[in-house]
Amino acid sequence: SSSSSSSSSSSSTTATLVPIDFEEQKKRAVSLYLHVTGKEPLSVADKYFDLQVSATVNCTLGLNLKSNAKYALFPAPTYGGGALGVIALHARGRKKQAQLSAHSDKIMTFDIGRRVGDNDALVLTGSADAKAIVSRINVKDKAEEQGQIVGVEAVHTLKCVGRVTFVGFHPRIARVCVVAANKEGNKEECVVYVYDYVAGAVLAEYAVTPMFNIVDVQFEPSIGLIAALSGAQGNVKLMDIRSGAILKAFCTDTFARDTKLFWATDQRTRLSSTTMVHTRLIALGFGRQSMRKFSVYDVRATVEAYYAANVAEEEEKQKEEEEHKEKDEDEEEEETMEAVASHSFGVSNSIPIGYYDGYDGLLYVSSIGDRKIRVYELGGGGVKEMNAAFQSGTDIQGLSFALKQEVSVESVEMAKCLKLAAK
């Protein structure tokens, strides 16, 4: 639009038409999030305190804290076996925690459901005792927001082929969770179970070889049919969870120890005007000589080809599936991929932990025992570190970020998380 100035002989333009794919961020030299920083409550009354936390148990990948809108869980001290402390989050202050004791060995991996009204009272645990257990948090009242936790009971038990290395609820598909276990006596084969946690039934069982010690399984967030598996020595495989087919296998440069994965978007691949497909993988871990780092890998070709074949019009689907199957057979061999971006943040033995916010394109990174949370922006210009890292007053023992729905826009919040720390 335009408006006339006071002179009848000239006019001044107050708005300019831009291309339909215009993005404000593309013309900015400085990030919108350059000065983003964190703030934690100072008053004890605004914290959850007096918790009994295990001083010896460190869960796989440093994932010592898991939460949803109602509950938080963390390793708890116990005399033999494994245990988790469970607290309700509806009121802050001194907490009386419940205890989940379900295994004969230490609980090394666990997850809590985040689907409100569906599985947000269910907990999934895994241990070296070769079992994955689904447990339910019980409260006094049906109105759980105001109910006091009265205990945790086991609902279903899945006996696995060996030590359980990962458990997790599917973020989009109801009733589905995934369990990964090392096959006893075979260091080149793992088994991935797709499990119905309501019926207590195995929906599918896939042998993944060659691969050892799957410590992380992350689903592509938009549709959730592709799972990224992270194993020993930086091995990563992309799997079709409906058939077990390996779509792609490659090695990351975070091969020194276990690797944590995050799906990210490059803002280019869309199935529709509202569905953004995540086509990049962030690998967080250790490089050579205990260098903590993260690298970004582009898996766009694999993701696009799979969804073109499986999320397409029915009349074209059969032909595309045949073409995709031929391509899968060519891609099954492991390859070395070059990272499109990479960043190191110091030599240390502290386990790196993090969280990727796909809405803002920000990666939050810290380490177990560290006191700093660094913030990085991932975009077309590579990796940019923001100016103001959050400095904690105590050593960080675990982080759990809330869903975006729990963020207060009125308070100008971009993200919200719980921090587990010693007194």
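Predicted model: local features only at pLDDT ≥ 70, side-chain atom pairs only at ≥ 80, totals over all residues.

A residue counts as buried when its relative accessible area is under 20%, as exposed when that area is over 50%, and as partly exposed in between. Lys70, with a relative accessible area of 17%, is therefore buried.

**Salt bridges**

- The count of salt bridges comes to 17.
- One of them joins the side chains of Lys70 and Asp120, at 3.2 Å from N to O.
- Lys70 belongs to the loop between β4 (66-67) and β5 (71-75), and Asp120 to the loop between β9 (107-112) and β10 (122-127), so this pair ties together parts that are 50 residues apart in sequence.
- Asp120 is buried, its relative accessible area being 6%.
- Another salt bridge links the side chains of Glu153 and Arg136, at 3.4 Å from N to O.
- Because Glu153 lies in strand β12 (residues 149-159) and Arg136 in strand β11 (residues 131-139), this pair ties together parts that are 17 residues apart in sequence.
- Glu153 is partly exposed at 36% relative accessibility, and Arg136 is partly exposed at 34%.
- Glu189 and Lys183 also form a salt bridge, in which the closest N and O atoms are 3.7 Å apart.
- Glu189 is buried at 15% relative accessibility, whereas Lys183 is partly exposed at 34%.

**The open sheet**

- Four strands form an open sheet in the order β21-β22-β23-β25, and their pairing is antiparallel.
- Its edge strands, each pairing on one side only, are β21 (260-264) and β25 (341-347).
- From one strand to the next, the twist averages 15°.
- β21 and β22 (residues 280-286) run antiparallel and are joined by 5 bridges.
- Phe262 stands opposite Ile282 in β22.

- Arg292 is part of strand β23 (residues 291-298).
- Its relative accessibility is 7%, so Arg292 counts as buried.
- The side chain of Arg292 makes a polar contact of 2.7 Å with the side chain of Ser367.
- Beyond its neighbours within four places in sequence, Arg292 is in contact with a set of residues including Gly285, Phe286, His343, Phe345, Asp370 and Arg374.

- Thr254 is located in the loop between β20 (246-251) and β21.
- With a relative accessibility of 0%, Thr254 counts as buried.
- A polar contact of 2.9 Å connects the side chains of Thr254 and Thr252.
- When residues up to four places away in sequence are not counted, Thr254 touches Gly234, Thr259, Ala283, Leu284, Gly285, Phe286 and Lys293.

**Strands β31 and β32**

- Strand β31 (residues 396-401) is mostly covered, with 5 of its 6 residues buried.
- β31 runs antiparallel to strand β32 (residues 417-421), and 5 bridges join the two.
- Ser400 has Leu418 in β32 as its bridge partner.

Definitions and conventions. Residues numbered from 1 in each chain as written. Heavy atoms only, no water. Pairing = 2+ DSSP bridges. Axes fitted to C-alpha atoms, helices over the stretch in contact; angles between N-to-C directions. Buried < 20%, exposed > 50% of the residue type's maximum accessible area, 1.4 Å probe, protein only. Polar contact = N/O pair within 3.5 Å; in protein donor to acceptor, adjacent residues only side chain to side chain. Contact = heavy atoms within 4.5 Å. Salt bridge = Lys/Arg side-chain N within 4 Å of Asp/Glu carboxyl O.
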